[in-house]
Amino acid sequence: MRVMCEDFSSRMPTSPPQGLARRKALFLLLLLVIAAAIAYTIAQNRPWTVPEEAKRRANPVPASDAVLNAIRPVYRDKCASCHGDLGKGDGHDAKRYDPRPTDFSDTNQLRSITDGELFYKISEGHRPMPSFKKRLSEEQRWELVLLIRWFAASSSGAVAASPEPSSNH
């Protein structure tokens with residue numbers, strides 16, 4: 001009687017199949033991407049840190065109705081979609097963001113923020129708000145600070161007459 005020996009070594013895999021190794025590599029890559037996205041989100045949701053020197057800067061642009069009327073179209077174009085037409089943080093895109101856009105009509109909140117701090121935030125941005133340092137002139141950014149102050153003052157009744165909105169919007 002003859003015993004047949006099979007060569008089992010040809011049937012036993014010595015390394016994982018190539019498809020399994022590829023799936024493992026893709027899974028690890030996916031985990032790394034998810035971890036990076038979570039870390040990025042956490043880093044971006046930190047509160048704004050404004051340097052003390054920036055906080056102390058004074059607005060060189062004097063407030064006037066002419067300045068407020070001139071900056072309104074810029075505000076409507078660059079800011080109103082999030083901060084709202086009257087600065088209440090209720091623009092049509094506001095709900096998309098966490099934290100929500102600042103309500104510029106909140107006099108208590110704005111009382112604790114200097115003009116220099118507002119200018120810095122407009123200039124530098126902080127996710128999700130973009131930087132406007134290269135999009136707007138320095139004078140326009142200071143004028144926006146005046147308009148933000150006007151929103152707060154007008155909501156508290158401190159402003160007797162409001163500047164008329166431009167009719168080209």
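Is lysine 55 buried, partly exposed or exposed, and at what relative accessibility? Lysine 55 counts as partly exposed, because its relative accessibility is 26%; here buried means under 20% relative accessible area, exposed over 50%, and partly exposed in between (1.4 Å probe, protein chains only). The structure is a predicted model, in which local features need pLDDT of at least 70 and side-chain atom pairs count only at pLDDT 80 or more, while totals for chains, interfaces and linings use all residues. Residues are numbered from 1 along each chain as its sequence is written, and side-chain values use heavy atoms, with hydrogens and water left out.

Now to the charged pairs. A search of the whole structure gives seven salt bridges, a salt bridge being a side-chain nitrogen of Lys or Arg within 4 Å of a carboxyl oxygen of Asp or Glu. One of them joins the side chains of lysine 55 and glutamate 52, at 3.4 Å from N to O. Both residues belong to helix α2 (residues 52–55) and sit three residues apart, about one turn of the helix; helices (H or I, at least four residues) and strands (E, at least two) are DSSP runs, numbered from the N terminus. Glutamate 52 is partly exposed, with 47% relative accessibility.

Another salt bridge pairs arginine 149 with aspartate 115, and their closest N and O atoms are 2.7 Å apart. This pair links distant parts of the chain, 34 residues apart: arginine 149 lies in helix α7 (residues 138–155) and aspartate 115 in helix α6 (residues 115–124). Arginine 149 is partly exposed at 24%, and aspartate 115 is partly exposed at 23%.
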